[in-house]
Amino acid sequence: EALLRLHAKQQSFLLKLSDVLRPISEPLEIQAEASRILGEYLEVTRVAYFEILGDNAFINTDYARDVPSIKGQYRQDDFGLAITSAFRRGETVAVDDVTTYPHFGDSERAIYAAMSIRSYIGVPLVKDGEWVAGIGVYSLDPRQWTRDEVTLTLRGEAVLRACGREYHMTAGTALRLPPGVAGTVVEVRVFNRHGIEIDDRTRAI
């Protein structure tokens, strides 16, 4: 019964997202509406789509609730080499608390604090083996992200790809297993394209 309720919730989200995006042709408006719907559904403080050009990440539009917008240009590695390296490998990452993640230094934590980000889900979009764009779901507070929330984020990205109109987002996203990942899956967790958390046995395959 719980599984049926979850499936119904996900289908409701996907139908709403698809219905809203279908008549829209302008890319930034697609981004803005998709960000808003996903942000409201997950009850987060911010959702942003970003594009990768060279060493920089560009956020052209975002959904922000009770926090400032983060639209602008950023250096990729300002957000932590551990995270950007995972994105380049095509891995979806969930960070429960940036202040306790051991691979962040003071400079990375300061950047996240200035952006009012305490936890987030990041989904990279990969085209022909190259990280070209992504979606971020952000919370102002620590948050242990559930598999269901990661799944909704992944599926929201999939709807954008299905639209076939969003910058690089027509490309398939190849989520691969992270080599050498270890830990308790509390601070950072890695999921496959179905939102299923990858355990140690799967990592070893």
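Helices (H or I, at least four residues) and strands (E, at least two) are DSSP runs, numbered from the N terminus. In this predicted model, local features need pLDDT of at least 70 and side-chain atom pairs count only at pLDDT 80 or more, whereas totals for chains, interfaces and linings use all residues. Residues are numbered from 1 along each chain as its sequence is written, and side-chain values use heavy atoms, with hydrogens and water left out.

The protein chain has six helices and seven strands, and its elements follow the order α-α-β-β-β-α-β-α-β-β-α-β-α from the N terminus on. Of its 205 residues, 47% count as buried, a term that means under 20% relative accessible area, with a 1.4 Å probe and protein chains only. Where contact means heavy atoms within 4.5 Å, 58% of the contacts between residues at least 6 apart in sequence join residues at least 24 apart.

Strand β1 (residues 46–53) is largely enclosed by the rest of the structure, because seven of its eight residues are buried. With pairing taken to require at least two DSSP bridges between two strands, β1 is joined to the antiparallel strand β2 (residues 56–64) by eight bridges, and Phe50 has Ile59 of β2 as its bridge partner. In the hairpin of β1 and β2, two residues lie between the strands, and Gly54 takes a positive phi near 65°. Strand β6 (residues 130–139) also pairs with β1 in the antiparallel sense, over six bridges, and Tyr138 of β6 is the bridge partner of Arg46.

Glu149, in helix α5 (residues 147–163), counts as buried because its relative accessibility is 15%. Leaving aside neighbours within four places in sequence, Glu149 is in contact with Leu42, Ile121, Arg143 and Gln144.

Key: Buried < 20%, exposed > 50% of the residue type's maximum accessible area, 1.4 Å probe, protein only.
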